[in-house]
Amino acid sequence: MSAPPWEFWIDVGGTFTDCLAKRPDGLIVRHKLLSSGATKGSVAAGSSSAAIRDPLRRHDPAEFWVGFRFVLLDHAGKPFDESVVVRFEATTHELTLSPPLASSPAPGCSYELTSELEAPVLAIRNLLGLPLAQAVPAVRLRLGTTRGTNALLTRNGARTALAVTCGFGDLLEIGSQERPELFALTVLKPPPLAECSVEIAERVAADGTVLIEPDRAVIHEQLSELRNRGIESLAICFLHADLYPAHEILVEEIAREIGFTEISRSSEVAPLVKIVPRAETTVVDAYLNPVLRGYLDNLNASLPGSQIRLMTSAGGLVGAATFRGHQSVLSGPAGGVVGYSRVAASTGFERAIGFDMGGTSTDVSRFDGKFEHEFESRKAGVRLVTPMLAISTVAAGGGSICRFDGTKLTVGPDSAGANPGPACYDRGGPLTVTDLNFFLGRIIEARFPFRLDRAAVEKRLAELARQVQAATGENLFLAELAEGLLAIANSNMVRAIRGVSIAKGADPADYVLVSFGGAAAQHACGLARELGMRQILNHPDAGILSAYGIGQADVSRHAVHGMSKLLSDCDFQQLAEQFSDLERVPRTELIAEGIGSQKIQMHRTLDLRYRGTDVPLNVPFQETANVIAAFE
């Protein structure tokens, strides 16, 4: 009997990538690296222009760095000389370079080792001890990634167009007419993700009557023009297509004939009533799919023959071939929710609040014995109609930038990210929350994977103190300034936790605070004190708990069908048959992925609301009386 393959559970965050691996013998090993894929180091005494010594490399696999670019950094963190590693000796922790550097670097100089590998592949190679010249064997990879989230936040997705029913070309610009900030005099709306829209002459009435039949030749001409303009991805959303999708299917067929490969249609992505959120969700899917497809193609090329599954926003795993853009927005944070819920349950806590503080943001959520899902939410300025774990995100992470705006001190929302990173990373980065904790002695430098620069932090704090003094006349000690900035960061996170607890009728004092993520433990006591929470759970793998959760998650599928009927008009036998039809495709997909039919569990739910109201409640599908009781 052959040994099982290695299993890797990886969470790619905004700053760090966390990796847990299960070896064939069952032993769990761990690795953490920068999401940029760069590995930092510091030149030690005894180095020369052709041979660099660094004690940090002493635990690295033999010959691992051969073929990597060696980039020497100046005091501002900028590259000023580079070479290639041609030999690496772990026992003497020496990197041999060819050609030699222009001059021998002084001890203490920072450097980076870089390659073309994505961070998850670099982590896998490191734990397997495989240099670049050796192929990676087939492995099992479970992955949570912020690639889609970052593309949405930075508006760096594919060039996308929306094909919509004639007369609705400005649907996304008009939106839902809501004012998120009621008293704001100037409303700044985020720009639509779709670069343009094309109005298709088609119309179906609410009862399915075809009012305008689409003209195939005209549609072909319209879509060809989009293709010629360089549009990469097409979103299709028609009025009433959630119930009557024939016209959307026709347009998709024509688009594929023209050469579009990335197409998202609302009747497949979000087949539910309300055209505005359905259109926004479909556009998000089209906007992100090419980004994710390119990323996954790179992973598949680097890991041939491997089984790759990805974490969805709903907290389940899907195969790489079926992973979609609209499912990716909370891919990494969802792993954290699964992780902290399993950890809390295993230690006897029935109720827990998760506090996940990473490099870019903080995610908070509540667990009451079962996962809380949202079926319509707003993320990064876009409304999404797709199952998501109920997670609140605030822009306060280890990399959140600290500033003085002329009137007050601020922390975030901008982040230093992995590149250049905080000031203490010695890459010329700005002052961040990580720098504050380092300055106040809350980070053990000897445990950090690379040398930290205290002088750079003191310089940034002094600059900020001078700005405050010039504007207000107040002289602040550096420690005083650092403590004040941390209090601001903590208040932002406390507000988020109150939003998932007190705002929903739950007292934080009744919950255990599970702190995880690379920065959470430094802030957990301050937050618990302010919230009146009496217990904090800090797991040994707290720094990589999202990766642990990805390893514990179930393979799952979600399917939905809109009906818009009065409950009194529903035949529950017919509803059961509709559920059976809805389950057919997800069940087939799971079996195709190697999941035994006897292991598949189905959960059926209904969205119910009172007639004349707008917001539904999700309840389990049972007998009529039980459904009504559950709703009430």
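1. Pro99 sits in the loop between β8 (94–98) and β9 (110–114). Helices (H or I, at least four residues) and strands (E, at least two) are DSSP runs, numbered from the N terminus. The peptide bond from Ser98 to Pro99 is cis, with omega near 0 degrees. There is also a cis bond between Gly412 and Pro413, where omega is about 0 degrees; Pro413 lies in strand β27 (residues 409–415).

2. Some housekeeping before going on. This is a predicted model, with local features needing pLDDT of at least 70 and side-chain atom pairs counting only at pLDDT 80 or more, while totals for chains, interfaces and linings use all residues. Numbering starts from 1 along each chain as its sequence is written, and side-chain values use heavy atoms, with hydrogens and water left out.

3. Two histidines deserve a look in the backbone torsions. His93, which is not a glycine, has a positive phi of about 40 degrees, and it is placed in the loop between β7 (79–89) and β8. His240 has a positive phi too, near 65 degrees, in the loop between β15 (233–237) and α5 (246–258). His240 counts as partly exposed because its relative accessibility is 27%; buried means under 20% relative accessible area, exposed over 50%, partly exposed in between (1.4 Å probe, protein chains only). For context on this point and on point 1, most residues other than glycine have a negative phi, and most peptide bonds are trans.

4. Where does Ser365 lie? Ser365 is part of strand β20 (residues 362–367), and it is buried because its relative accessible area is 4%. Its side chain makes a polar contact of 3.0 Å with the side chain of Tyr340. A polar contact here is a pair of N or O atoms within 3.5 Å; within protein, one must be able to donate a hydrogen and the other to accept it, and residues adjacent in sequence count only if both atoms are side-chain atoms. Not counting residues up to four places away in sequence, Ser365 touches Val337, Tyr340, Ala352, Ile353, Gly354, Ala390, Ile391 and Val500, where contact means heavy atoms within 4.5 Å.

5. Tyr340 turns up again in a helix packing. The axes of α8 (residues 331–346) and α13 (residues 545–552) come within 6 Å and cross at roughly 80 degrees. So α8 is roughly perpendicular to α13. On the α8 side, the contact includes Gly332, Gly335, Gly336, Gly339 and Tyr340; on the α13 side, Leu545, Tyr548 and Ile550 are among the residues involved. As for the conventions, axes are lines fitted to C-alpha atoms, for helices over the stretch in contact, and angles run from 0 to 180 degrees between N-to-C directions. Angles under 35 degrees count as roughly parallel, over 145 as roughly antiparallel, 65 to 115 as roughly perpendicular and the rest as oblique.

6. Is Arg309 buried or exposed? It counts as buried because its relative accessibility is 8%, and it is found in strand β17 (residues 307–311). Arg309 and Arg140 are 169 residues apart in sequence, yet their C-alpha atoms are 8.1 Å apart in space. Leaving out residues up to four places away in sequence, Arg309 touches Leu141, Arg142, Leu143, Leu317, Val318, Gly319, Val555, Glu593 and Ile595.

7. How many aromatic pairs are there? The count comes to 10, with rings of Phe, Tyr and Trp (its six-membered ring) pairing if their centres lie within 6.5 Å; planes under 30 degrees apart count as stacked, over 60 as edge-to-face and the rest as tilted. Trp6 and Phe8 are stacked, at 5.7 Å centre to centre and 15 degrees between the planes, and both Trp6 and Phe8 are buried. The Phe367 and Phe371 pair is tilted because the planes are at 50 degrees, with ring centres 5.6 Å apart. Phe367 is buried at 9% relative accessible area, whereas Phe371 is partly exposed at 31%. Ring pairs also link Phe64, Trp65 and Phe68 into a cluster.

8. Two arginines lie over ring faces: Arg227 over Phe260, at 5.2 Å from the ring centre, and Arg351 over Tyr511, at 5.3 Å. The rule is NZ of Lys or CZ of Arg within 6 Å of the ring centre and within 35 degrees of the ring normal.
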